[in-house]
Amino acid sequence: MTTAPTQTATDRAFNFSAGPAVLPEPVIQQAKKDLWNVFGSGMGVCELSHRGPEYDRILEECLADTREIGNIPDNYHILFMQGGATLQTSMIPMSFLPAGKTADYFDTGKWSHDAAAEASKFGSMNIAGITRDENYCRLPTEAESNYSNDAAYCFFVSNNTIYGTQYNRFPNTKAPLVCDMSSDIYCRPIEWNKYAMVYASLQKNLGPSGQACIMIRDDFLQTAPDDTLPKLMDYKIAQKKQSRYNTPNTFAIYLMGQVVKWIKSEFGSLAAVEKYNIEKAALLYDMLDNSPFYSAHVNNPDERSTMNIPFKTTAPDLDKKFIAEAAQINLSTLSGHRSIGGMRASMYNAMPIEGARALVEFMKKFESENA
Ligand SMILES: Cc1ncc(COP(=O)(O)O)c(C=O)c1O
């Protein structure tokens, strides 16, 4: 076991995309084989019945490995649902925001802003904290937070993919915590006892797009209504039917299974994954903090993401030049989101440290030529 995934292929770029994002090299190599013939069955992984023994094995192994490496307690169900993370933002208030109750939402970036707007279509929604006026360059403090009494739940996004803030604390409320971890799930250990529900779309740290993975505590799940929701938006049906009421995205679940196997064999624990991610991100933050030419979007070290790091040079034209020249040496997809401009380096679990080193070397060279 090593704690340093490497990139050996020479025909692949260092891919800094925010998502869909880089996958571990061994996972892609294995998927190439399994697309042709999985488990010696003579059938490819996309050609299997979702009710046959080969897929049973794929699902069972994925669930077992996800539970083991994530240390997920037995009273949490692991579900798969289609519609990515976005559908979850509709399903959560449909299921857990009854009439007469209010749900608290932290507005800390585009995804939580949209989730809050979606919730207000279904019931009473309170913004518990917001940093929109500061272009989301920080998280609301506890002193600024405004919780409702007896909230149905409190929603937050643990890592703001576009703006590069990441929670290293929990909202201080007694309400059940519901968290979108789309861009940082399994980048570090998870304190399950803090959460009623966690979900993530797979396409950053766990696999391909179009699929969400949901970890939900049983007593919270039981508060969802019975038999009144559309079938594919009913968490209880998904749980009873082992996430296959209809035909699931079997390939996404297969690929997530391969990614969690890779985390197990490459790192052995989420604590080791976290250490690696901190080391990678520190290379870039050190560069940003020690250069007058570059600036980071987020300044508070306690709130800086290890996954997504937005930054700028001194001028928009130089940012464009930076992105174009970086692409020429296979440092790909470094454009910032259109809402903040500049650059963004997304460095999920599968980004090797060599990628961060190559980026920092390029940044030094670019600064010396353009400052
Ligand atoms: C934190 C977060 N939540 C939600 C989403 C939306 O995910 P999807 O497109 O899978 O619905 C994204 C996508 O980048 C995200 O980063």
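This is a short tour of a predicted model, stop by stop.

**Before you start**

Residues are numbered from 1 along each chain as its sequence is written. Because the model is predicted, local features need pLDDT of at least 70 and side-chain atom pairs count only at pLDDT 80 or more, while totals for chains, interfaces and linings use all residues. Helices (H or I, at least four residues) and strands (E, at least two) are DSSP runs, numbered from the N terminus.

**Stop 1: the ligand**

Select the ligand. Around it stand G19, G84, A85, T86, W111, V157, T161, D180, S182, S183, S201 and S209. By class, the shell has three nonpolar, eight polar and one charged residue. (Ala, Val, Leu, Ile, Met, Phe, Trp, Tyr, Cys and Pro count as nonpolar; Asp, Glu, Lys and Arg as charged; the others, Gly among them, as polar.)

**Stop 2: two backbone details**

A cis peptide bond joins G19 and P20, with omega about -10 degrees. P20 sits in the loop between β1 (14–15) and α1 (25–36).

Now pick F39, in the loop between α1 and α2. Its phi is near 55 degrees, a positive value in a residue other than glycine. As background, most residues other than glycine have a negative phi, and most peptide bonds are trans.

**Stop 3: the seven-stranded sheet**

Show the strands. Seven of them form an open sheet, in the order β2-β10-β9-β8-β5-β3-β4, with mixed pairing. Two strands pair if DSSP finds at least two bridges between them. At the edges are β2 (76–82) and β4 (124–130), each pairing on one side only. From one strand to the next, the twist averages 20 degrees. (Axes are lines fitted to C-alpha atoms, for helices over the stretch in contact, and angles run from 0 to 180 degrees between N-to-C directions.)

- β5 (residues 154–157) and β8 (residues 177–180) run parallel, joined by four bridges. Find C154; its bridge partner in β8 is L177.
- β8 and β9 (residues 195–201) also run parallel, again with four bridges. Here V178 has M197 of β9 as its bridge partner.
- β9 and β10 (residues 211–217) are antiparallel, over five bridges. M197 stands opposite I216 in β10.

Next, select helix α4 (residues 110–119), which packs on the sheet and touches β3 (102–107), β4, β5 and β8. The direction of α4 makes about 160 degrees with that of β3. Contact means that the C-beta atoms of two residues, placed from the backbone, lie within 7 Å.

**Stop 4: α3 against α4**

Keep α4 and bring back α3. The two pack at an angle of about 40 degrees, with their axes 9 Å apart. That makes α3 oblique to α4. (Angles under 35 degrees count as roughly parallel, over 145 as roughly antiparallel, 65 to 115 as roughly perpendicular and the rest as oblique.) The crossing is right-handed. A crossing is left-handed if the near helix is turned anticlockwise from the far one by less than a right angle, and right-handed if clockwise. T89, S90 and P93 of α3 meet D114, A115, E118 and A119 of α4. This contact has three nonpolar, two polar and two charged residues.

**Stop 5: α2 against α7**

Select α2 (residues 53–70) and α7 (residues 250–266). Their angle is about 40 degrees and their axes are 9 Å apart. So α2 is oblique to α7. This crossing is left-handed. Residues in the contact include Y55 and I58 of α2 and Y254 and V260 of α7. The contact holds ten nonpolar, three polar and four charged residues.

**Stop 6: α8 against α10**

Move to α8 (residues 270–289) and α10 (residues 353–370). They pack at about 10 degrees, axes 9 Å apart. That makes α8 roughly parallel to α10. E279, K280, L283, L284 and M287 of α8 touch I353, A356, R357, L359, V360 and M363 of α10. Eight of these residues are nonpolar, none polar and three charged.

**Last stop: the three-stranded sheet**

Select β11, β12 and β14. They form an open sheet in the order β11-β12-β14, with antiparallel pairing. β11 (295–296) and β14 (343–346) stand at the edges with a single partner strand each, so one side of each has no neighbour in the sheet. Two bridges join β11 to β12 (residues 308–312). End on S295, which stands opposite K312 in β12.

Note on methods
Near = placed C-beta within 6 Å.
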